[in-house]
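Please keep the sequence and the model side by side while reading.

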Amino acid sequence: MEGLKKVGNFLRNCVELYIPIAAFLIMFCVFVIQIAARYVFNNPVPWAYEVTVMGYLWMVVLGACYAYRDRSHVTFTLVYDKLPVKGKAICGFLGNLLMAIAFIVMFVPSCQMISQMKIQVTSVFKIGLNIVYLPFIPFMIIILCYILYDMWLEIMVFTGIGGEAAVKKMLDETKNETQEAIDAAMAQEEAAGKEAGK
């Protein structure tokens, strides 16, 4: 079971981290080549723009999955932070429910649209646009899985099924950067106080 978990984490990291990193590196190198070709050698290469756009698309779409996993996307939690724990769980559940419905409704039409794009090709490399927009499919699947996991955790909190463990897990996972910084500072002060008391 542990080996299966390691394989799953590796595959998840491949999609969410390694492919976006590779796409960024390719995009950056081609961008530098394009600048050198255009302004130093006065001979722009026509394929550079195409590669840069494809790299950017793959990087952003798949990188968004990691941002969701890491909770590093932008959130506006002014009202959410003031709610009690069950209120946070209900509010989070309703927001995630709306997103889940949107992702479920758009999944099949998006797959059909991407599949139909194979007849259109890029201007230089003649790559089918279905390959260019392919990362949108794993993006929808991964984000939907994360949303459903969050919804399950929120159900466990507002129904009371999960107990204190579920509450702690939900609060830890939805903690914003400011709260993390405050907690880290308080932990340092506490450690310094214990050290001074010795």
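In which helix is the place of Asn 130? Asn 130 sits in helix H4, residues 129-132. The model is a predicted one.

**Asn 130 and its surroundings**
- Setting aside neighbours within four places in sequence, Asn 130 is in contact with Ile 114, Met 117 and Lys 118.
- Asn 130 and Phe 158 are 28 residues apart along the chain. Their C-alpha atoms are separated by 42 Å.

**H3 with H5**
- Helix H3 covers residues 85-116, and helix H5 covers residues 136-159.
- Their axes come within 8 Å and cross at roughly 155 degrees.
- Because of that angle, H3 counts as roughly antiparallel to H5; the cut-off is over 145 degrees.
- H3 passes H5 in a left-handed crossing.
- The contact of H3 with H5 holds 25 nonpolar residues, along with three polar and three charged ones.

**H5 with H6**
- Helix H6 spans residues 163-173.
- H5 packs with H6 at an angle of about 135 degrees, and the two axes are 9 Å apart.
- That angle makes H5 oblique to H6.
- The crossing of H5 and H6 is left-handed.
- H5 brings Tyr 149, Asp 150, Leu 153, Glu 154, Met 156 and Val 157 to the contact.
- From H6 come Ala 166, Val 167, Lys 169, Met 170 and Glu 173.
- By class, the contact of H5 with H6 has seven nonpolar residues, no polar ones and four charged ones.

**H3 with H6**
- H3 and H6 pack at about 65 degrees, with 11 Å between their axes.
- The crossing of H3 and H6 is left-handed.
- On the H3 side, the contact is made by Val 85, Lys 88 and Ala 89.
- On the H6 side, the contact is made by Val 167, Met 170 and Leu 171.
- Five residues of the contact of H3 with H6 are nonpolar, none is polar and one is charged.
- Val 167 and Met 170 of H6 take part in the contact with H3, and Val 167 and Met 170 also take part in the contact with H5.

**The second largest pocket**
- The volume of the second largest pocket is about 230 Å³.
- Its lining consists of Arg 12, Glu 16, Ile 141, Ile 142, Cys 145, Tyr 146 and Tyr 149.
- Helix H1 (2-40) and H5 each supply at least two residues of this lining.
- Which helix gives the largest share of the lining of the second largest pocket? H5 does, with five residues.
- The lining of the second largest pocket divides into five nonpolar residues, no polar ones and two charged ones.
- Tyr 149 belongs to the lining of the second largest pocket, and Tyr 149 is also one of the H5 residues in contact with H6.

Technical notes. Residues are numbered from 1 along each chain as its sequence is written. This is a predicted model: local features need pLDDT of at least 70, side-chain atom pairs count only at pLDDT 80 or more; totals for chains, interfaces and linings use all residues. Side-chain values use heavy atoms; hydrogens and water are left out. Axes are lines fitted to C-alpha atoms, for helices over the stretch in contact, and angles run from 0 to 180 degrees between N-to-C directions. Helices (H or I, at least four residues) and strands (E, at least two) are DSSP runs, numbered from the N terminus. Angles under 35 degrees count as roughly parallel, over 145 as roughly antiparallel, 65 to 115 as roughly perpendicular and the rest as oblique. A crossing is left-handed if the near helix is turned anticlockwise from the far one by less than a right angle, and right-handed if clockwise. Ala, Val, Leu, Ile, Met, Phe, Trp, Tyr, Cys and Pro count as nonpolar, Asp, Glu, Lys and Arg as charged, and the others, Gly among them, as polar. On a 1 Å grid over the protein atoms alone, a cavity is a set of points where a 1.4 Å probe fits but cannot get out, and a pocket is an open set with protein on both sides within 12 Å along at least five of seven lines; lining residues have an atom within 4 Å of a point. Grid points are joined across faces, edges and corners, and a volume is the space filled by probe spheres set on the points. Contact means heavy atoms within 4.5 Å.
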